[in-house]
Amino acid sequence: MEAEFDQRSQRREYQGAALNRTSLAADPVAQFALWLDAAVASGIKDPTAMALATTGPAGMPSVRSVLLKHFDAGGFCWYTDYRSRKGLELAANPHAALLFHWREWDRQVRISGPVERLSAAQSEAYFQSRPVDARFAAAASLQSAPVADRKTLEKALQALRRRHPNDGPPRPSEWGGYRLHPVEFEFWQGREGRLHDRLVFQKGGPSGWRVSRLQP
Ligand SMILES: Cc1cc2nc3c(=O)[nH]c(=O)nc-3n(C[C@H](O)[C@H](O)[C@H](O)COP(=O)(O)O)c2cc1C
């Protein structure tokens with residue numbers, strides 16, 4: 001049976017402040033930092049959550065949420081299991097797209113570019129900074145592989161805890177970070193009457209980035 005859903009009742013106005021070349025930072029990483037700071041300061045849940053899109057065999061896209069852990073001019077970083085679906089897809093095609101949506105601000109940011117693994121030392125430093133339960137959960141699981149039932153997972157976790165009663169588990173060598181080097185950013189600001197602002201930075205040109213406006 002088809003679920004009834006009246007999309008008209010969900011319609012709302014977007015009333016964000018104008019986004020234009022004068023209000024835009026000269027550097028897209030600085031502009032991203034401004035918007036992320038605003039999202040964090042307003043206390044919304046998971047402001048660093050982003051959709052990460054990769055491609056699988058025959059170009060089939062796949063997407064999932066991950067958390068941005070750090071970023072700078074060199075790139076945008078997250079951590080995961082290299083043996084997961086996204087890990088295998090990135091090994092075959094090391095390019096990805098990220099999407100942030102801060103609905104409370106009527107804002108969206110798209111970022112895309114080539115991806116590389118962080119060094120083992122960087123992955124180790126981040127792994128060791130995680131709460132011990134998160135370290136055990138990561139080490140007990142082969143992310144994205146099928147498992148018979150939840151009990152099997154819980155047993156694997158208990159066995160790992162017994163082997164490391166006093167400290168955390170070692171980092172699995174296949175657990176670590178990635179860095180996406182942006183070649184393109186799009187900043188989207190929802191505006192009244194659906195005449196939204198879209199400003200794109202593309203790598204290149206004398207100042208390092210070419211800026212253009214797209215139709216909504
Ligand atoms: C808000 C949110 C944040 C998440 N953060 C991460 C993360 O940082 N790293 C990660 O591996 N999975 C994270 N996940 C789980 C992933 O969405 C996904 O289920 C998992 O990584 C397996 O994806 P894959 O099979 O496509 O590789 C998060 C899920 C949500 C809903």
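Visitor: Which residues in the largest nonpolar core touch the most other members?
Guide: Ala 96, Leu 98, Tyr 178 and Leu 180 do, within a core of 22 residues. A nonpolar core here is a set of buried Ala, Val, Leu, Ile, Met, Phe, Trp, Tyr and Cys residues joined through C-beta atoms within 7 Å. A residue is buried if 20 or more other C-beta atoms lie within 10 Å of its own, exposed if 12 or fewer, and partly exposed in between, with C-beta atoms placed from the backbone. This is a predicted model, in which local features need pLDDT of at least 70 and side-chain atom pairs count only at pLDDT 80 or more, while totals for chains, interfaces and linings use all residues. Residues are numbered from 1 along each chain as its sequence is written.

Visitor: Which elements give two or more residues to this core?
Guide: Among them are helix H1 (28–41), strand E5 (95–102) and strand E7 (175–180). Helices (H or I, at least four residues) and strands (E, at least two) are DSSP runs, numbered from the N terminus.

Visitor: And what does Leu 180 touch?
Guide: Leaving out residues up to four places away in sequence, Leu 180 touches Gly 75, Phe 76, Ala 96, Leu 98, Ile 111, Gly 113 and Val 115. Contact requires that the C-beta atoms of two residues, placed from the backbone, lie within 7 Å.

Visitor: Changing topic: which residues come nearest the ligand?
Guide: Of the 15 residues around the ligand, these are Arg 64, Thr 80, Ser 84, Arg 85 and Ser 144. A residue is near a molecule if its C-beta atom, placed from the backbone, lies within 6 Å of it.

Visitor: Which element gives the most to that shell?
Guide: Strand E2 does, with 5 residues.

Visitor: Where is Ser 144 found?
Guide: Ser 144 lies in the loop between H4 and H5. Its phi is positive, about 80°, although Ser 144 is not a glycine. Most residues other than glycine have a negative phi.

Visitor: Why does Ser 144 count as partly exposed?
Guide: Because Ser 144 has 14 C-beta neighbours inside 10 Å.

Visitor: At what angle do H4 and H5 pack?
Guide: Helix H4 (residues 132–140) and helix H5 (residues 150–163) pack at about 120°, with their axes 9 Å apart. Axes are lines fitted to C-alpha atoms, for helices over the stretch in contact, and angles run from 0 to 180 degrees between N-to-C directions.

Visitor: How many residues of that contact are nonpolar, polar and charged?
Guide: The contact of H4 with H5 has 8 nonpolar, no polar and 1 charged. Ala, Val, Leu, Ile, Met, Phe, Trp, Tyr, Cys and Pro count as nonpolar, Asp, Glu, Lys and Arg as charged, and the others, Gly among them, as polar.
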